[in-house]
Protein chains: 2
Amino acid sequence: MPATAILPARPQGILIDLAGVLHTGDAAIPRSLAALHQLRAAGLPMRFLTNTTRSPRTTIMHKLAAMGFDVQESEIITAARATLQHVHALGLHPHFLIHPDLAEEMGPSATEPDAVVLGDAGPYFTFEAMNQVFRLLMRGLPLIAMARNRFFQEPDGLTIDMGAYVSALEYAAGVKAEIVGKPATAYFAAALADMGVAAENAIMIGDDVRDDVQGAQNAGIAGILVRTGKYRPQDEHDPQARPAMIVDDFAAAVRTILGQ
Amino acid sequence: MPATAILPARPQGILIDLAGVLHTGDAAIPRSLAALHQLRAAGLPMRFLTNTTRSPRTTIMHKLAAMGFDVQESEIITAARATLQHVHALGLHPHFLIHPDLAEEMGPSATEPDAVVLGDAGPYFTFEAMNQVFRLLMRGLPLIAMARNRFFQEPDGLTIDMGAYVSALEYAAGVKAEIVGKPATAYFAAALADMGVAAENAIMIGDDVRDDVQGAQNAGIAGILVRTGKYRPQDEHDPQARPAMIVDDFAAAVRTILGQ
């Protein structure tokens, strides 16, 4: 049984997942707009961590703004940007299998790639695109994945996420992908460093009991699970994750953080 | 280290994989035509076992005939037909995610399915089709897969096979698929029963060290691995499979069987 993390008595920075916590699709989750205002008013620094890799950061910011959320571009830390920084740091020239909306942010695929980078291509996970990547992996190129989420909540139901395609390629090519976004410890650590807050003084709020909550707790950050988005009742008894707290929604998490 | 199986001194029946053993794409593998004639002349019963699930049995027979292979429809045991028999025996009404060429053999998808059946849909493994199946699995329907091969040899290179998509769905939905074709023991046993030959008197010839050779050996049938098709040198040191014999091609396997 995993250990339960302890919430800091005086949190100094908040990490917040986006889809399923603040909004579902294009609709704000009830009371989340007011709750974010309260958190802002308390002067707490925050960063928004998203494994959603179908859109660049600016698009995410504009989408949040259209729903009424006051979020700065610099506060949004996407798995896509973290991946770009990672491949640059390693000096790699990847072949990208990503959603076309992300192409401008990531840049073009190399003509002679030395790595494969996977994002959530969604409908662009065609057989041809998968087979092209499979053949690169069989030549020995490493597989770097922005995330490996299992599914996400869409307005019309749960939807298969890029983790399925990571698993598909790992199985076919007999390789193991490196995951850059949540639940990677380095990803949470980078967000903390960006705020200048120590892990034990931060809180992560998410709807994914493993990638958000357990991932944060593996990085030393107490995690709050919300009962919105992709949350399902069995998450409360997950064998691998024991949230510091489980609350109904983002507004309830903010009330707890602000000691109300 | 897995045990090595022993080849029967007087084999009474031969099981033969098709793609990668007799042919690659539409081209017969050198010397395989003459070798099959020799095997026929020796009067040995044989069955052809294929996890290729993009074509019905008649199409496979005609394709083999066009290359010059004398194979009867009744000698071809496809994973697709075995799956159809399996779901009929269980009284299931499946949703099919299969190649359209297989639609007539398998019949239409049920409007209110109680199971999901996966074949090698190839280019028809679209995101939409995968998400539809994912949602059925999340409702608790069992996943039955005709095969879970990793890849196969096409004239232009190795190609990703349906096992990748089985793994994708297993990961996303948190389920485990039932595999009907090779390497399932029941599939080899059905082929033996069809010939009326005991496992210890049969030999399996294949290019897939795990699904053909180890699968057969798990069913008590000695396996010969050929160095054609998807064979790769590392297969000779596979940690999970130890073929009874490894030979250059089908013709060499037949020479061994006929004691030449």
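In chain B, strand β12, helix α8 (residues 209-218) and strand β13 form a right-handed β-α-β unit. Right-handed here means that, with the strands pointing away from the viewer, the path from the first strand over the helix to the second runs clockwise. Helices (H or I, at least four residues) and strands (E, at least two) are DSSP runs, numbered from the N terminus. The model is a predicted one, in which local features need pLDDT of at least 70 and side-chain atom pairs count only at pLDDT 80 or more, while totals for chains, interfaces and linings use all residues. Residues are numbered from 1 along each chain as its sequence is written, and chains are lettered from A and ligands numbered from 1 in the order in which they are written.

### The unit in chain B

All five of the five residues of β12(B) (residues 202-206) are buried, so this strand is largely enclosed by the rest of the structure. A residue counts as buried if 20 or more other C-beta atoms lie within 10 Å of its own, as exposed if 12 or fewer do, and as partly exposed in between, with C-beta atoms placed from the backbone. In a regular strand the side chains alternate between the two faces of the sheet. In β12(B), B:A202, B:M204 and B:G206 point one way, whereas B:I203 and B:I205 point the other way.

Which strands pair with β12(B)? Two strands pair if DSSP finds at least two bridges between them. Strand β1 of chain B (residues 13-17) pairs with β12(B) in the parallel sense over four bridges, and B:I16 stands opposite B:I205. Strand β13 of chain B (residues 222-226) is also parallel to β12(B) and joined to it by four bridges; here B:I203 stands opposite B:A222.

The helix of the unit is likewise enclosed for the most part: eight of the 10 residues of α8(B) are buried, so the helix is largely enclosed by the rest of the structure. Among the buried residues are B:V209, B:V213 and B:A216. Their cover includes β1, α7 (185-195), β12 and β13 of chain B, where contact means that the C-beta atoms of two residues, placed from the backbone, lie within 7 Å. Just after α8(B), B:G220 has a positive phi of about 85°.

Helix α9 of chain B (residues 250-257) has six of its eight residues buried, so it too is largely enclosed by the rest of the structure. The cover of its buried residues includes β1, α1 (32-41), β12, β13 and β14 (245-247) of chain B. Just after α9(B), B:G259 takes a positive phi of about 70°.

### The open sheets

Chain B holds an open sheet of four strands in the order β6-β7-β8-β11, with parallel pairing. Strands β6 (94-97) and β11 (178-179) of chain B stand at the edges with a single partner strand each, so one side of each is left without a neighbour in the sheet. Three bridges join β7 (residues 115-118) and β8 (residues 143-145) of chain B, and B:V116 has B:L143 as its bridge partner.

Angles run from 0 to 180 degrees between N-to-C directions, and axes are lines fitted to C-alpha atoms, for helices over the stretch in contact.

| Helix | Strands | Angle |
|---|---|---|
| α3(B), residues 79-90 | touches β6, β7 and β8 of chain B | about 170° with β7(B) |
| α5(B), residues 127-138 | lies across β6, β7 and β8 of chain B | about 150° to β6(B) |

Chain A has an open sheet of four strands in the order β6-β7-β8-β11, with parallel pairing. Two bridges join β8(A) (residues 143-145) to β11(A), and A:A145 has A:I179 as its bridge partner.

### How the chains meet

In all, 24 residues of chain A are in contact with 25 residues of chain B. On the side of chain A that touches chain B, α6(A) supplies the largest share, eight residues. By class, this side has 15 nonpolar, six polar and three charged residues; Ala, Val, Leu, Ile, Met, Phe, Trp, Tyr, Cys and Pro count as nonpolar, Asp, Glu, Lys and Arg as charged, and the others, Gly among them, as polar.

How are the two copies related? Chain A can be laid on chain B with an RMSD of 0.0 Å by a turn of 180° and a shift of 0.0 Å along the axis. The two copies are thus related as by a two-fold rotation axis. The superposition is by least squares on the C-alpha atoms of residues with pLDDT of at least 70 in both copies. In chain A, the C-alpha nearest the axis belongs to A:A168, 2.4 Å from it. Of the interface residues of chain A, 100% are also interface residues in chain B, so the copies meet through the same surface.
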